Amino acid sequence: MTTIVKAADAAQFLSLIPRMLGFTPRQSLVLIPFDGTRSLGAMRFDLPDDDAVDRVAATVVGMACRVTDADAIALVVYTDDPVAERPHAAFAAALESRADACGLHVNDALWVTAGGWGRYGVDTAPGALTELAHVGGDDQTSGAELPAVRDEEIADVARALDGFISAVHVLCGPDAAAAAPEDDDRVDPMALAAVCALDDLPTLFEEMLDWDPTGLDPYRAATIAWVLARPSLRDIALVQWCAGMDAGDEALDAQLRWESGEPYPPHLAMQMWGEGERPDPERLNRVLALVRRAAATAPEPMRAGPLATAAWISWALGRSTHADLYAMQACEAEPEHGLAEIVRSFVGAGHLPDWAFRR
């Protein structure tokens, strides 16, 4: 999103940053690319260790160079240190040097600590935090917590999952349903109806966009958890949630062909790696709320799928901090979970989707 920054001075500029990000950064570098006087968004990075300053500076400025139409940057270092003036000065200097080498003008270089704020390269007393309109409140990790749910909700979803797995066992055979319950004399009719919806996956995935996360029925929660535990079905869902129902139809056909030995279409695979057309953020945000709820209500062994899906969607939306938190939880529920480890590798390498750098 392009934002016209109208700040009379550095204090007013610093007051705008939490509005741009939606949170107040902590222990962070915030880099803001500019096209003339227009900001082109904002990027947040963890502050590096002393031995990684040059490497991280090169990576950060390299990412700024990828932003379409960027010709300048502003940088702000946030620390929790209550007294330090000009904190992480070596990092700020490395960033300015790299920017200059890449032809990016540095509009401003500022710092904010728990005790004040100031500008690098200016030997003046720190400004008071009271001069900044937005200080404190939510930080970059806020909002990543799973919804609070009652134990009864988790128990209801566990029972629905047992019924769902039993119905899959009856309809599709024992190989299709791992760990089918022993006592399956009677199939739960609601579970049977939920399983029958799998006959038309694209329609099911599209209908999920209209499911209410706050009042998620146990059988719908069970359906989400079961589907997202299966990489082939999860990947079809992600392609469709990114690009629409036609893409879901194509992804389903491609998956079936791949399982028959044909190559998987590169243009579908590339979206999972962050290339191609920008996904519709409204669709992804709706799905993110849904899978977060499904992760919160699922029994422990079934949480990895929804959590890893939440990680990928968060990464696709540019929320790498949240993505890493979800991916770590997925790996705790299921060590070496494929998608979760891929997302963690993306975040660790500072890899963002290509569409994050385009207007």
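This is a predicted model: local features need pLDDT of at least 70, side-chain atom pairs count only at pLDDT 80 or more; totals for chains, interfaces and linings use all residues.
User: Which residues touch the most other members in the largest nonpolar core?

Analyst: Trp226 turns up again here, along with Ile224, Trp241 and Trp312. That core has 66 residues. As a general point, nonpolar side chains tend to be buried together in soluble globular proteins.

User: And what is Trp241 in contact with, leaving aside its neighbours within four places in sequence?

Analyst: Its contacts include Phe205, Met208, Leu209 and Leu228. Trp241 also meets Arg283, Leu284, Val287 and Thr309. There's a second, separate core too, with 31 residues, among them Leu31, Val61, Val67 and Ala92.

User: Switching to rings. How many aromatic pairs does a search of the whole structure find?

Analyst: The search finds 6 aromatic pairs. Take Trp273 and Phe346: their ring centres are 5.6 Å apart and their planes sit at 70 degrees, so this pair is edge-to-face.

User: Where in the chain are Trp273 and Phe346?

Analyst: In distant parts of it, 73 residues apart. Trp273 is in the loop between α10 (266-272) and α11 (281-297), while Phe346 is in helix α14 (residues 338-348).

User: Buried or exposed, what about Phe346?

Analyst: Phe346 is buried, with a relative accessible area of 6%.

User: Why is the pair of Trp312 and Trp315 called tilted?

Analyst: Because their planes are at 55 degrees, with the ring centres 6.0 Å apart; over 60 would count as edge-to-face and under 30 as stacked. These two are 3 residues apart in helix α12 (residues 304-316), which separates them by about one helical turn. Both Trp312 and Trp315 are buried.

User: Which residues do ring pairs link into a cluster?

Analyst: Trp273, Trp312, Trp315 and Phe346.

User: New topic: how many disulfides are there?

Analyst: The count is 0 disulfides. Cys65 and Cys102 are each in no disulfide, and the nearest cysteine sulfur to that of Cys65 belongs to Cys102, 4.0 Å away.

User: How many salt bridges does a search of the whole structure find?

Analyst: There are 18 salt bridges. One of them joins the side chains of Asp46 and Arg44, at 2.9 Å from N to O. Asp46 is exposed, with a relative accessible area of 51%, whereas Arg44 counts as buried at 19%.

User: What about Asp235 and Arg234?

Analyst: Their side chains also meet in a salt bridge, 3.0 Å from N to O. Arg234 is buried at 7% relative accessibility, and Asp235 is partly exposed at 22%.

User: Where do Arg286 and Glu282 lie?

Analyst: Both are in helix α11, 4 residues apart, about one turn of the helix. Glu282 is exposed, at 53% relative accessible area, while Arg286 is partly exposed at 33%.

User: Which residues are linked in a network of salt bridges?

Analyst: Arg150, Glu152, Glu153 and Arg293 are linked that way.

Key. Residues are numbered from 1 along each chain as its sequence is written. Side-chain values use heavy atoms; hydrogens and water are left out. A disulfide is a pair of cysteine sulfur atoms within 2.5 Å. A nonpolar core is a set of buried Ala, Val, Leu, Ile, Met, Phe, Trp, Tyr and Cys residues joined through side-chain atoms within 4.5 Å. Buried means under 20% relative accessible area, exposed over 50%, partly exposed in between (1.4 Å probe, protein chains only). Contact means heavy atoms within 4.5 Å. Rings of Phe, Tyr and Trp (its six-membered ring) pair if their centres lie within 6.5 Å; planes under 30 degrees apart count as stacked, over 60 as edge-to-face and the rest as tilted. A salt bridge is a side-chain nitrogen of Lys or Arg within 4 Å of a carboxyl oxygen of Asp or Glu.
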